[in-house]
Amino acid sequence: MEAPPVTVMPVTGGTINMMEYLLQGSVLDQSMESLLHRLRGLCDNMEPESFADHELVYLLKGQQGNPFMLRARRSLLHPTAPWHLRYLGQPEVGDKSRHALVRNCVDVAASHSLPEFLNEMGFRMDHEFVAKGQVFRKGAMKVVVSKLLRVLATGNTENTEPLSLSYLVELSVLAPAGQDNVSEDMRSFAEQLKPLVHLEKIDPKRLM
């Protein structure tokens, strides 16, 4: 459910409205090197991209219904890079013929005044975290392996601690609506990562 690293997001000035196909899993810290070795063998012949990002999750609470959520993310490795504002729609999990979770995804590059803008719009920060890891590619597929860190003092990304003893692994594809054949390619790739990591179609509502 986390946003992809800022370093691998589009940095155009326009809005990109696509469907995100997603599989998720986790791997224990002690199995991390084995997974990275497997990914280097399976993915495209290029060095994985390292990233360290700070993400802030904002909510706009209405009088009824669930609050509206937006995610703002910035790169800690490239401080001058644009921020990214991301909206994720409700996942479509009911279609059992799809091997991946599918949700609408809107991503737009923004200036460094994004947090102030969201506050002025009435949004309030709900929580924040730091994600550090690597990004691998296999054609249109992207594999993000990241360690999620809790921010102990608001806004201080130097003062963090790991959220768990594992790494989050996400396999995703951005594609126009109706390209459900990509989920079959994702399932085939995920099979090659077993038993190191089991990537699944996870319903966020079930976790909540």
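This is a predicted model: local features need pLDDT of at least 70, side-chain atom pairs count only at pLDDT 80 or more; totals for chains, interfaces and linings use all residues.

Biologist: Why is C43 called buried?

Modeller: C43 has a relative accessible area of 8%.

Biologist: How do you know whether C105 is buried or exposed?

Modeller: The same cut-off of under 20% applies. C105 has a relative accessible area of 3%, so C105 is buried.

Biologist: How many disulfides does the model contain?

Modeller: The count is 0 disulfides. A pair of cysteine sulfur atoms would have to lie within 2.5 Å to be counted.

Biologist: Why is β4 said to pair with β3 and with β5?

Modeller: Pairing requires at least two bridges. β3 (residues 68-75) and β4 are joined by 3 bridges, so they pair, and they run antiparallel. R73 has H84 in β4 as its bridge partner. β4 and β5 (residues 101-110) are joined by 6 bridges, so they also pair, again antiparallel. Here L88 has C105 in β5 as its bridge partner.

Biologist: Which residues touch the most other members of the largest nonpolar core?

Modeller: They are Y21, L39, L171 and F189, in a core of 27 residues. Among the elements that give two or more residues to this core are β1 (16-28) and α3 (181-191). α1 gives the most, with 5 residues. A second, separate core has 10 residues, including L56, A72, L85 and F123.

Key: Residues are numbered from 1 along each chain as its sequence is written. Side-chain values use heavy atoms; hydrogens and water are left out. A nonpolar core is a set of buried Ala, Val, Leu, Ile, Met, Phe, Trp, Tyr and Cys residues joined through side-chain atoms within 4.5 Å. Buried means under 20% relative accessible area, exposed over 50%, partly exposed in between (1.4 Å probe, protein chains only). Helices (H or I, at least four residues) and strands (E, at least two) are DSSP runs, numbered from the N terminus.
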